[in-house]
Amino acid sequence: MRKSTPSMSFFSLHILLLLLSCILFTPTQSSAGDLVDQICRKTPFYDLCSSILHSNPSTPKDDPKGMALIMVKDILANATDTLSYIEELIKQTSDQQLEQQLAFCAESYIPVVKYILPQAADAISQGRFGFASYCIFDAQKEVSACDKKFSSSNQSPLGDRNSIVQKLVDVAAAIVKLLLNG
């Protein structure tokens, strides 16, 4: 039996931000928001990108490098939240197969949270976009590996969480690719 945890509110907040941004932010914003919109339109998930960058007051509206850094930090927050959620599910389950699948996912998320995404953020800050891209791709592989652990199951308890992290990773990868291409 699952208990509602505070980590659900973080996930729900992102969904709410996404919906609010669709309503509040239109393409006719001031020129300061134009670069955010231009960059987000070059990502696979414009609404998600736009909602995160427009809702974060520290987003530099004229600096793609800063936007990439904001996205990586958002992925890190979501991945950290998901790892905590996985750990709670492990404590609550009595199903040995589910526990093994969740443990595998925890082992996938731990390096993402502790090493991969912090290294990506450092690389972006230092202008090392090739290495940042590599790190982001590595994070994507880890989350995908977790997702595949549940492919034979009817329903993954991490499906929505893995999906949002994957989408965030896709957005960050697209922004870093833009930085790589100049």
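Student: How many aromatic pairs are there in this model?

Tutor: This is a predicted model, and the count comes to one aromatic pair. The partners are Phe131 and Tyr134.

Student: What makes Phe131 and Tyr134 a pair, and is the pair stacked or edge-to-face?

Tutor: Their ring centres are 6.2 Å apart, and the limit for pairing is 6.5 Å. Their planes stand at 25°, while stacked calls for under 30 degrees, so the pair is stacked.

Student: Where do Phe131 and Tyr134 sit in helix H6?

Tutor: Helix H6 covers residues 129–149, and the two are three residues apart in it, separated by about one helical turn. In general, an α-helix has 3.6 residues a turn, so residues three or four places apart point the same way.

Student: Why is Tyr134 called exposed, but Phe131 partly exposed?

Tutor: Set each value against the cut-offs. Tyr134 has a relative accessible area of 52%, and exposed means over 50%, so Tyr134 is exposed. Phe131 has 33%, which falls between 20% and 50%, so Phe131 is partly exposed.

Student: And how do you know the class of Asp122 in helix H5?

Tutor: Asp122 has 46% relative accessibility. That value also lies between 20% and 50%, so Asp122 counts as partly exposed. The C-alpha atom of Asp122 is 8.0 Å from that of Ala132, 10 residues apart along the chain.

Student: Why are helices H4 and H5 called roughly antiparallel?

Tutor: H4 (residues 64–92) and H5 have axes that come within 9 Å and cross at roughly 160°. Angles over 145 degrees count as roughly antiparallel, so H4 and H5 get that name. Their crossing is left-handed. By class, the contact between them has 23 nonpolar, three polar and two charged residues.

Student: What makes helix H3 largely enclosed by the rest of the structure?

Tutor: H3 spans residues 46–55, and eight of its 10 residues are buried, so the helix is largely enclosed. Among the buried ones are Tyr46, Cys49, Ile52 and His54.

Student: How do you know that Arg41 lies over the face of Tyr46?

Tutor: Arg41 is 4.4 Å from the ring centre of Tyr46, and the distance limit is 6 Å. A second case is Lys149, whose charged end sits over the ring of Phe104, 4.7 Å from its centre.

Technical notes
Residues numbered from 1 in each chain as written. Predicted model: local features only at pLDDT ≥ 70, side-chain atom pairs only at ≥ 80, totals over all residues. Heavy atoms only, no water. Phe/Tyr/Trp six-rings, centres within 6.5 Å; stacked < 30°, edge-to-face > 60°. Helix = DSSP H or I, 4+ residues; strand = E, 2+ residues; numbered from the N terminus. Buried < 20%, exposed > 50% of the residue type's maximum accessible area, 1.4 Å probe, protein only. Lys NZ or Arg CZ within 6 Å of the ring centre and 35° of its normal. Axes fitted to C-alpha atoms, helices over the stretch in contact; angles between N-to-C directions. Parallel < 35°, antiparallel > 145°, perpendicular 65-115°, else oblique. Left-handed = near helix turned anticlockwise from the far one by under 90°. Nonpolar A, V, L, I, M, F, W, Y, C, P; charged D, E, K, R; others polar.
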